Amino acid sequence: MLYTYCFLSPPDHNLVLPQGFRGELTLIEQSAIAALVEPELSREELEANDEALVQAVLHHDRVICELFCDLPVLPLRFGTYFRGKEDLLSHLGANAQSYQNKLQEFSGKAEVTLKLTPIPFSENTPASQTTGKAYLKAKKQHYQEKLDYQNQQQAALGEFHQQISQTYPQIIHGKPKEGAERFYLLLNYTEFFVLDEAIEAWEKALQTWKIEVSDPLPPYHFL
């Protein structure tokens, strides 16, 4: 079994490979495509216990990101195995042209994640000393204000999605997680020089959302 981290073009220089999770990493090449593998890493070692599994996941991403600092890569999902060298070589040969096209497409680009977390509406309820019709009216007004706030919040998000899609056509709107929205952008390295200005503009447009931007990452969501 060959644990496989990513695919890449065979480097034209002496590439220093990261350390594996348990042993040494090596490159296996076929049809102008290479795979970064850890030959001696068994599935049982990855899943020995919860702590080992978490450490293995973190190491998988760390290896890919370290290699990504030097050259374009096609990152693979954690836990990707090939039964042996022949199976891997066969897979690389059959998909070489597709992988080469992807690597060329991703050259000089990186992915960033925009995490948008909604800022909750202030839950100041009507004063406790308010009673009767006045209390019910205040409570109804508070509910309507909250509803209006949430509607405006979603409208701002929709407008933001439309505008950012025009500026950055390589964008994916991910599924919400724990109430937060995620946008994945594939940017040229030159676009990172003006990213801070773009973030300031986004924050002004989305005052009811908290915006977090990741560091440049391999193109996980654009494969």
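**View A. Three salt bridges turn up in this predicted model.** A salt bridge here is a side-chain nitrogen of Lys or Arg within 4 Å of a carboxyl oxygen of Asp or Glu. This is a predicted model, where local features need pLDDT of at least 70, side-chain atom pairs count only at pLDDT 80 or more, and totals for chains, interfaces and linings use all residues. Residues are numbered from 1 along each chain as its sequence is written, and side-chain values use heavy atoms, with hydrogens and water left out.

**View B. Arginine 22 pairs up with glutamate 45 in a salt bridge.** Their closest N and O atoms are 3.3 Å apart. The pair ties together distant parts of the chain, 23 residues apart: arginine 22 sits in the loop between β1 (2-8) and β2 (26-30), and glutamate 45 in helix α1 (residues 43-46). Helices (H or I, at least four residues) and strands (E, at least two) are DSSP runs, numbered from the N terminus. Arginine 22 is partly exposed, at 47% relative accessibility, and so is glutamate 45, at 26%. For these labels, buried means under 20% relative accessible area, exposed over 50%, and partly exposed in between (1.4 Å probe, protein chains only).

**View C. Aspartate 87 and arginine 83 make another salt bridge.** Here the closest N and O atoms are 2.8 Å apart. Aspartate 87 is partly exposed, with a relative accessible area of 31%, while arginine 83 counts as exposed at 67%.

**View D. Glutamate 105 meets lysine 102 within helix α3 (residues 85-106).** This salt bridge spans 3.9 Å from N to O. The two residues are three apart in the helix, which is about one turn. Both are partly exposed: glutamate 105 has 31% relative accessibility, and lysine 102 has 25%.

View E. On a 1 Å grid over the protein atoms alone, a pocket is an open set of points where a 1.4 Å probe fits, with protein on both sides within 12 Å along at least five of seven lines; lining residues have an atom within 4 Å of a point. The largest pocket has a volume of about 340 Å³, a volume being the space filled by probe spheres set on the points, which are joined across faces, edges and corners. Its lining includes His60, Asp61, Arg77, Phe78, Lys177 and Tyr220. By type, the lining residues split into six nonpolar, three polar and three charged. Ala, Val, Leu, Ile, Met, Phe, Trp, Tyr, Cys and Pro count as nonpolar, Asp, Glu, Lys and Arg as charged, and the others, Gly among them, as polar.

**View F. Leu53, Val57 and Phe78 form a nonpolar surface patch.** Patches are made of residues with over 30% relative accessible area and no salt bridge; nonpolar side chains (Val, Leu, Ile, Met, Phe, Trp, Tyr) are joined within 5 Å, and like charges within 9 Å. Valine 57 belongs to helix α2 (residues 50-68) and is partly exposed, at 32%.

**View G. Alanine 32 has a positive phi, near 65°, though it is a residue other than glycine.** Alanine 32 lies in the loop between β2 and β3 (33-38) and is partly exposed, at 47%.

Notes
Areas by Shrake-Rupley, 256 points an atom, 1.4 Å probe, with all protein chains shown as cover.
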